[in-house]
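Visitor: Please take me through one part of this model in detail. I would like to look closely at where the two chains meet.

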Amino acid sequence: MAAPDHVVVAPLLAALATAIATLLLRPLPRAQRAVSVLGGVAYAVGVAVLYRGVVADPDGYLVYALSNWEAPFGIVVVADPLSAFMLVIAAVVGLAALVFSVGYLDPADQTLAYHPLFHLMLVGVTGAFLTGDLFNLFVWFEVMLMASYVLVVFYSGPEHTRAALHYAVLNLIGSAVMLLAVGGIYAVTGTLNMADITARLASGAADPVPVLGLSAVLFSVFALKAGIVPFQFWVPAAYRAAPAPVTAVLAGVVKKVGIYAVIRLYFTVFAAATLPVSLPFVAGESFLAFFGPVMFAMAVGSIIFGGVAAVNQPDLDGLLAYSSIGQIGFIVLPLAVAATAPDGGELMVLGVAAALVYSLNHGLAKGLLFLGAGAARRATGTTQFDDLGGLSERDPVFAGSFFLGALALIGIPPLSGFFGKFLVFDVGVRAGSTTVLGVALVGAIFTIAYFSRAWNRAFWGEPVDYEREPLLVAVVAVLAVGLLALGVGFDPVFRAAEAAAEAAVNRSGYVDAVLEVEL
Amino acid sequence: MTTTYVMASVLGLLYAFGTFLVLRRDLVRVVWGVTIMAQATNVYLVTMGGFDGSVPVFGGHGGHDAAAGVQDPLVQALVLTAIVIGFGTTAFALVLTYRVYEEHGTIDLQQLGEGSPDAAATEDGGDA
């Protein structure tokens, strides 16, 4: 195995090494914090190097066989434009949240377990984005979830324990169901390697009927992780309970793991099979034709529910939590259109690309807003709208950054959110679906409504006591500038998303890269 | 074939029992319910390896194409991993249960739910 291939596991190793180092450095809190932030930078550098490697590769696939066991017998780690795109989101949001948490959390609170857990969560996220093995995906989900359980219950007050209890029990059941589906798929297809499953489904070597049912079971687990209706009920309590930087990562990155899993497994792997039976409401022979209407119903439910509930929240954290349910709906909506589009066609690629662009925008903007809510809490002691007011007068830089984040989610040009929304509408127009356009429009109006309310209540009005936190405001401001830069220089972002979407629907390329056989 | 039917019924019963416990008001029973579900899944995984053979790992790797008389070793490796993960999560869930008891003075889910901000907001007609 040539040396450059090791770059595939570089981000994984960076995060894991930092987690262990910060665990060992507990007696030296200052050194621990420094190593943690440096580890975050190393992670970002690892992701950047990996991204360059993927772009430089003629096929766009970097395959790394763990312990040099060749696929399909060993576990392979696969970096393609799709994984690389998601990793960039994780690196940016993760690093920002890490720097923020150094200034946000009480130093004594950070010493015990915060930094190791934060990096272990990144390890889980990275592994889930990179793995090419179905059971390994389950393991990375568990790594990510174990760390996130503890981070949600971090403050361990009454509210936090209750929220963590809901979150943990739901996800434990989810994990059991996921394992059940993975085991079933192994029993039917005889393999766990994603590329091998694709090849066997395409060649008809595996019976597609049980795989359809099992993949539907698996879908519910991913929907639970992504927090889309009807699996959204854990979201608000968990997001309120977790420390602000953790919430930023949960909303910005961990939810996207569910989205990534849906794109990877359903668009790349399961779409290879054809439906041998005809089902009601399903037009077409692809598995995706079955999941399209399901995704559509979930997306519509999420957009409406998230929007309606967010408008009515008494606090900033709750508003953002419900808003993220609605925004995930905006990510699933173009996926639903893509799923019902002709296989591998232009509309399918555009739909997936729209979902990815929206994911990137939501990851950054919602990360910014949750960090902003944390900064407001630190500066004023609360996020209840009743006790907030006049922040725009107290700190124009902070208010301006928060405003940019809100505008990005609403979708005002030239911010990156405009293109996210624009692509969603574009997908709706090209699909000729007025329902999609209508739902997206209603969702957009709700977004404007609840952010106007948040702005009115928290940033205008009678100024409250405000203690400026320069580091926290700086992190929020940097993210705001990033959103602006993404919007202004949007062309390369779109091309990256398009490359990622093409990789997602390019089954033969994936199988060829991993197994070196023609599909 | 008898084994298949026996295993199917046992698995069904285990899941039913797990689900029953998860729906109880007592938090410790909920944790047990989750644990039983996780263990039922492990039993299911082992079942997926088939019961044709008696020999463990020897020759003819590769699951379903293996020569007769050989168990599929992969599912057992998967189950070992799942058991370790299940052990960790169960320990965490029990610690969390104790912590909930310390914070709230109860592990009755009904009473826990009554104190939540969501419940309070619904009473005001505020929450959706």
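**The interface of chain A and chain B**

Guide: In this predicted model, the contact draws on 35 residues of chain A and 40 residues of chain B. Between them the two chains bury about 3,100 Å², and 75% of that area lies on carbon and sulfur atoms. Arg162(A), Leu165(A) and Tyr186(A) supply 20% of the area that chain A buries against chain B, more than any other three residues.

Next, the polar side of the contact. Polar contacts are present: the count is four residue pairs between chain A and chain B, with both residues at pLDDT 80 or more.

As for the elements involved, helix 5 (134–152) and helix 6 (158–189) of chain A each supply at least two residues of the side of chain A that touches chain B. Helix 6 of chain A gives the most to that side, with 17 residues. By residue type, the side of chain A that touches chain B divides into 23 nonpolar, eight polar and four charged residues.

His115(A) sits in helix 4 (residues 107–130) of chain A. His115(A) counts as buried because its relative accessibility is 0%, and the cut-off for buried is under 20%. The side chain of His115(A) makes a polar contact with the side chain of Gln110(A), at 2.8 Å. Leaving aside residues up to four places away in sequence, His115(A) touches Thr22(A), Gln32(A), Arg33(A), Ser36(A), Leu98(A), Val102(A) and Gln110(A).

Definitions and conventions:
Residues are numbered from 1 along each chain as its sequence is written. Chains are lettered from A and ligands numbered from 1 in the order in which they are written. This is a predicted model: local features need pLDDT of at least 70, side-chain atom pairs count only at pLDDT 80 or more; totals for chains, interfaces and linings use all residues. Side-chain values use heavy atoms; hydrogens and water are left out. Contact means heavy atoms within 4.5 Å. Buried area is the accessible area (1.4 Å probe) that two parts lose on being put together, summed over both. A polar contact is a pair of N or O atoms within 3.5 Å; within protein, one must be able to donate a hydrogen and the other to accept it, and residues adjacent in sequence count only if both atoms are side-chain atoms. Helices (H or I, at least four residues) and strands (E, at least two) are DSSP runs, numbered from the N terminus. Ala, Val, Leu, Ile, Met, Phe, Trp, Tyr, Cys and Pro count as nonpolar, Asp, Glu, Lys and Arg as charged, and the others, Gly among them, as polar. Buried means under 20% relative accessible area, exposed over 50%, partly exposed in between (1.4 Å probe, protein chains only).
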